[in-house]
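The following report concerns a single protein model and is intended to be read beside its sequence and coordinates.

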Amino acid sequence: MSLKFKKILIGVCGGIAAYKSAHLIRLFKKQGAEVQVIMTPESTAFISPLTLSTLSEKPVLIHFQKKTEGEWNNHVALGLWADVMIIAPATAHTLGKMANGIADNLLTAVYFSARCPVFFAPAMDLDMLIHPSVKRNIEYLQSIGNYLIDAEVGELASGLYGKGRMAEPEHIIQTIEKFFCPYRPLEGKKVMITLGATREYLDPVRYITNASSGKMGFALAEHAHNLGAEVFAIVGSVSSQTSNSQIHQIHVKTALEMFEKSRELFSLMDYAIFCAAVADYRPKTVHSQKMKKSSETVTLELIKNPDIAQELSKFKKEHQITVGFALETEQALENARLKRIRKHLDIIVMNSIENPQSTFEYDTNQVVVITPTQEISLPLKSKKEIAQDIWKIILSFEKEKSSQRHESL
Ligand code: C5P
């Protein structure tokens, strides 16, 4: 994940938009980043340091001097610690100090000490934002290498309408992600990924399922997001999770539910990856009450579930790319090749079960990726690395497909 373990300094200034910093911190934390908040003394009137220290899981820093006599917050060390500094909201007052070398509080002193990239998200009333002095400061700060995350147009706290609202936290996060991961071939694209196991209920408490963990699917979803896509994960029963809150998760239980949700989304997608371990059959009868223990043996009658990958591929449009998975125990390669054709998939990823560390619950996998023109064998590696390789193959397949289309025109 692009922001995992990244060290983020968030500077909060005294404006009403300071309330949005709570959400911004939350989003960074959800992505696995380490967040240190520095507040100007004025900003504490708008949002409580306790709120921001709770969300960032670190004491918020406000003054040079710590509460304990003789101890101080080392602005130089803080400036060097960060991978990125974001001043949000940035008021006209603080921007003025940043542009003019005035280090009269901890936040500005850290700013002048920071060697990392600095982003600033102005928030102020519309007339302040277009005042020639403020405009000059913003332009000057950009000219010396700071990055502007521009204010948005909308209702302002003054009751006026215009440009001056702080950029939404989601937009700020995306800007920072783009900065760290500039290679974004999936920007503007939509990706659907089915993942996890389905549960096929016999009665309200019992079901047939399998041991799929969802790890491979989440790794594919996270990497698609890193490459710029909007990702929709249709999540069955899983024992893993993603901390990336930008991935839309649609939770389902049964194969029929997974089919329904996938069908709703499929036509809007550019890519569909069928990674779920869908039960092939479901009990014909689902008892409304818990089944009683009576006879020595019980026979279950099972009926076939729809094959989601196969059914949806029938509606596949020219630009869409579909990818399936195949876990085979006999004549693996041959069966996987046939499955790709039978299910009208562009690509199929064959899970090798020869290596014991390549099954459901492991963090590693060993696969062969089968496209119409190639069979690429990937050695045992982490599911995250396999996900990166699979996306690389999908993108080069897409390139090949579009160049063939151009040649035939
Ligand atoms: O036929 P088999 O279950 O081996 O096929 C595996 C592939 O088909 C996987 O991509 C899986 O997600 C998909 N599949 C499906 N719906 C089913 C069964 C499998 O989408 N009912």
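## Backbone features

In this predicted model, Gln331 lies in the loop that runs between strand S16 (321–327) and helix H12 (332–342). The phi angle of Gln331 is near 35°, a positive value in a residue that is not glycine.

Pro89 belongs to strand S3 (residues 84–90). The peptide bond that leads from Ala88 to Pro89 is cis, and its omega is near -5°.

## Packing of H1 and H2

Helix H1 (residues 19–30) packs with helix H2 (residues 49–56) at an angle of about 10°, and the two axes are 9 Å apart. Because angles under 35 degrees count as roughly parallel, H1 is roughly parallel to H2.

From H1, the residues in contact are Ser21, Ala22, Ile25, Arg26 and Lys29, which meet Leu52, Leu55 and Ser56 of H2. By class, the contact of H1 with H2 comprises 4 nonpolar, 2 polar and 2 charged residues.

## Packing of H4 and H7

Helix H4 (residues 92–100) and helix H7 (residues 132–143) pack with their axes 9 Å apart, at an angle of about 50°. That angle makes H4 oblique to H7. The crossing in which H4 passes H7 is left-handed.

On the H4 side, the contact involves Ala92, Leu95, Gly96, Met98, Ala99 and Asn100; these meet Val134, Asn137, Ile138, Tyr140 and Leu141 in H7. The residues of this contact between H4 and H7 divide into 8 nonpolar and 3 polar, with no charged residue.

## Packing of H9 and H13

For helix H9 (residues 215–226) and helix H13 (residues 383–408), the packing angle is about 55° and the axes are 8 Å apart. H9 and H13 are therefore oblique to each other. Their crossing is right-handed.

H9 contributes Lys215, Met216, Ala219, Leu220, Glu222, His223 and Ala224 to the contact, while H13 contributes Lys383, Lys384, Ile386, Ala387, Gln388, Ile390 and Trp391. Sorted by class, the contact of H9 with H13 holds 8 nonpolar, 2 polar and 4 charged residues.

## Domain arrangement

The protein is divided into domain 1 (7–180) and domain 2 (190–408). Taken over C-alpha atoms, the centres of domain 1 and domain 2 are separated by 42 Å. The contact draws on 6 residues from domain 1 and 5 residues from domain 2.

The size of an interface is often expressed as the accessible area lost when the parts come together. Between domain 1 and domain 2, the buried area is about 440 Å², and carbon and sulfur atoms give 40% of that area. Which three residues supply more than any other three of the area that domain 1 buries against domain 2? They are Lys30, Gln31 and Glu177, which supply 68% of that area.

Terms used
Residues are numbered from 1 along each chain as its sequence is written. This is a predicted model: local features need pLDDT of at least 70, side-chain atom pairs count only at pLDDT 80 or more; totals for chains, interfaces and linings use all residues. Side-chain values use heavy atoms; hydrogens and water are left out. Axes are lines fitted to C-alpha atoms, for helices over the stretch in contact, and angles run from 0 to 180 degrees between N-to-C directions. Helices (H or I, at least four residues) and strands (E, at least two) are DSSP runs, numbered from the N terminus. Angles under 35 degrees count as roughly parallel, over 145 as roughly antiparallel, 65 to 115 as roughly perpendicular and the rest as oblique. A crossing is left-handed if the near helix is turned anticlockwise from the far one by less than a right angle, and right-handed if clockwise. Contact means heavy atoms within 4.5 Å. Ala, Val, Leu, Ile, Met, Phe, Trp, Tyr, Cys and Pro count as nonpolar, Asp, Glu, Lys and Arg as charged, and the others, Gly among them, as polar. Domain bounds come from an automatic or database domain assignment. Buried area is the accessible area (1.4 Å probe) that two parts lose on being put together, summed over both.
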